[in-house]
Amino acid sequence: MELVFPRKDAITFEVVMNEESMDHIMVAVARKKADKVMQKEERDLQKFSSILASAPARKKLVADELVVVAESKEVAGDMISDVVLDQPFAHMEVSGMMKPHLDIEVPSTVHQKPVPTTHPLLTCHSKSRPDSFGETPAGGREAAMAAAVVRYGIVGVGMMGREHLHNLAHLAGELQREQSVRVRVTCLADPHPESLLLGLRLAAELGLPAPQTFSGHRELLNSGLCDAVVVSSPNMTHCEILMDILGFTRPHHVLVEKPLCTTVQDCKKVIEAAKQRPDILVQVGLEYRYMPPVAKLIDIVKSGTLGHVRMVAIREHRFPFLVKVNNWNRFNCNSGGTLVEKCCHFFDLLRLFADANPVRVMASGAIDVNHKDEVYDGKVPDIIDNAYVIVEFDNGCRGMLDLCMFAEGSKNEQEISVVGDIGKGEAFVPESIVRVGKRAGGRDGVETVNADDDRIKYQGLHHGSSYLEHLNFLSAIRDQGACSPTINLDDGLLSVAIGVAGQLSIEKGRFVTIDEVL
């Protein structure tokens, strides 16, 4: 929306808002008045001008150019309130020789009387503009100033929620330098005050504006403060939160941490709800695909270098489960079980390398070392700490997972082997190397290459994969649905289904078909 005044009489502002905010409010700037009248109304204008003058140091602002705005706060009071004035300005720039630009974000919960387009002080021209997360218009300096803003809310500010905050902060800094699209974390939601406090402290340490905090996800959705939601709450809460997001009137794009849900039934429920919301993108956080050595091996397999893939083996030898809020991850009823909670990552990779869907699963596992001496509310944890899982696929390929969660003395946490009828490829994390050899070349023909990705600006807990995950999610948002998220709901469902089949196989001591759990 542009509010245009004759250059002689007043200063010109371009106001960029998202669609919903535009429905509720428009900023009014009145004509310049005679000096006598301006003196009388200077007190009314003081708050407005002081807010403009307190812009961040990195923004260019000529405050004295702005003192001329307004007929008075009494006149503007019908159109703009103190609540709006108190909102942070995302971008302010004024120069004496060029048209000033003001970019304001307003919560949709602030319902102000809209300015009539026939208001005698304003000539309003409706422009065909994207929403706040649309494409940046072309056109030099003005285009850079009008860069789209994607506002993020994080639901669940525990360890992974704060990891997402880290990644979004680094992503925001990188995109700011590119002047392409802007990323802001505007709100956090968590029922635990301690987690919210840690989130606010981290935001301050990262130099981010303080996000608004809420005790629950519904309050966050109602605030109108975000365009995209990262769901990083405990596993057993995913289904309810996702259903509320998908059922909310205003669309919010979603990045949900793995697993999609703890049960196949809940995954299906979410998928059916998502089918009714083509205006919402949902990406599942199976970010191990993006680890540079894994991504490199995926490319090698897809290139046909190894031939037709016949066997895939993944070994994860690592440390025990970390402590989470209220120890929710110690029990199968909350996490879905170790093969769902932890291993959905690897079942997703098995499918990807096999390029096929699972048929049946056989697993053997137990709780042999970890958590056996722990008691919570009189209950002993029931999550297994080691397992072997065999997965058979519909194209004849077989996959195997070797999991051990008391193997801290390992050089690599993940080792992946993919064998085709022509050659073999291996990926090692965190060593970040890939080895490739062909049968014809034998052992001496094996090549070792380093796997790096220059796009990664923050390594974090998952070797840069979470940063790349956010890059992909943001790209899908900016494409406005022209392409689907890289990791979709069906991927999330099948990774959970294999895990559920594995858990059931351990319990029953037999092969479990995927049809049994689907």
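**Aromatic pairs, charges over rings and cysteines**

The structure holds 0 disulfides. The model is predicted.

User: Is Cys397 buried or exposed?
Analyst: Buried means under 20% relative accessible area. Cys397 has a relative accessible area of 1%, so Cys397 is buried.

User: Is Cys333 buried or exposed?
Analyst: Exposed means over 50% relative accessible area. For Cys333 the value is 63%. Cys333 is therefore exposed.

User: How many aromatic pairs does the structure hold, and how far apart in sequence are the parts that Tyr152 and Phe473 tie together?
Analyst: The structure holds 3 aromatic pairs. One of them joins Tyr152 and Phe473, edge-to-face, at 6.4 Å centre to centre and 65° between the planes. Tyr152 lies in strand E6 (residues 149-155) and Phe473 in helix H15 (residues 465-478), so the parts tied together are 321 residues apart in sequence.

User: Are Tyr152 and Phe473 buried or exposed?
Analyst: The cut-off for buried is under 20%. Tyr152 is at 0% relative accessibility. Phe473 has a relative accessible area of 0%, so Tyr152 and Phe473 are both buried.

User: What is the angle between the planes of Phe331 and Tyr376?
Analyst: Phe331 and Tyr376 form an edge-to-face pair, 6.2 Å centre to centre. Phe331 is in the loop between strand E12 (309-317) and helix H12 (332-335). Tyr376 is in the loop between strand E13 (358-366) and strand E14 (386-393). The angle between the planes is 85°.

User: Which ring does the charged end of Arg360 sit over?
Analyst: The charged end of Arg318 sits over Phe319, 4.1 Å from the ring centre. For Arg360 the distance to the ring centre is 3.8 Å. The ring is that of Phe511.

How values were computed. Residues are numbered from 1 along each chain as its sequence is written. This is a predicted model: local features need pLDDT of at least 70, side-chain atom pairs count only at pLDDT 80 or more; totals for chains, interfaces and linings use all residues. Side-chain values use heavy atoms; hydrogens and water are left out. A disulfide is a pair of cysteine sulfur atoms within 2.5 Å. Buried means under 20% relative accessible area, exposed over 50%, partly exposed in between (1.4 Å probe, protein chains only). Rings of Phe, Tyr and Trp (its six-membered ring) pair if their centres lie within 6.5 Å; planes under 30 degrees apart count as stacked, over 60 as edge-to-face and the rest as tilted. Helices (H or I, at least four residues) and strands (E, at least two) are DSSP runs, numbered from the N terminus. A charge sits over a ring if NZ of Lys or CZ of Arg is within 6 Å of the ring centre and within 35 degrees of the ring normal.
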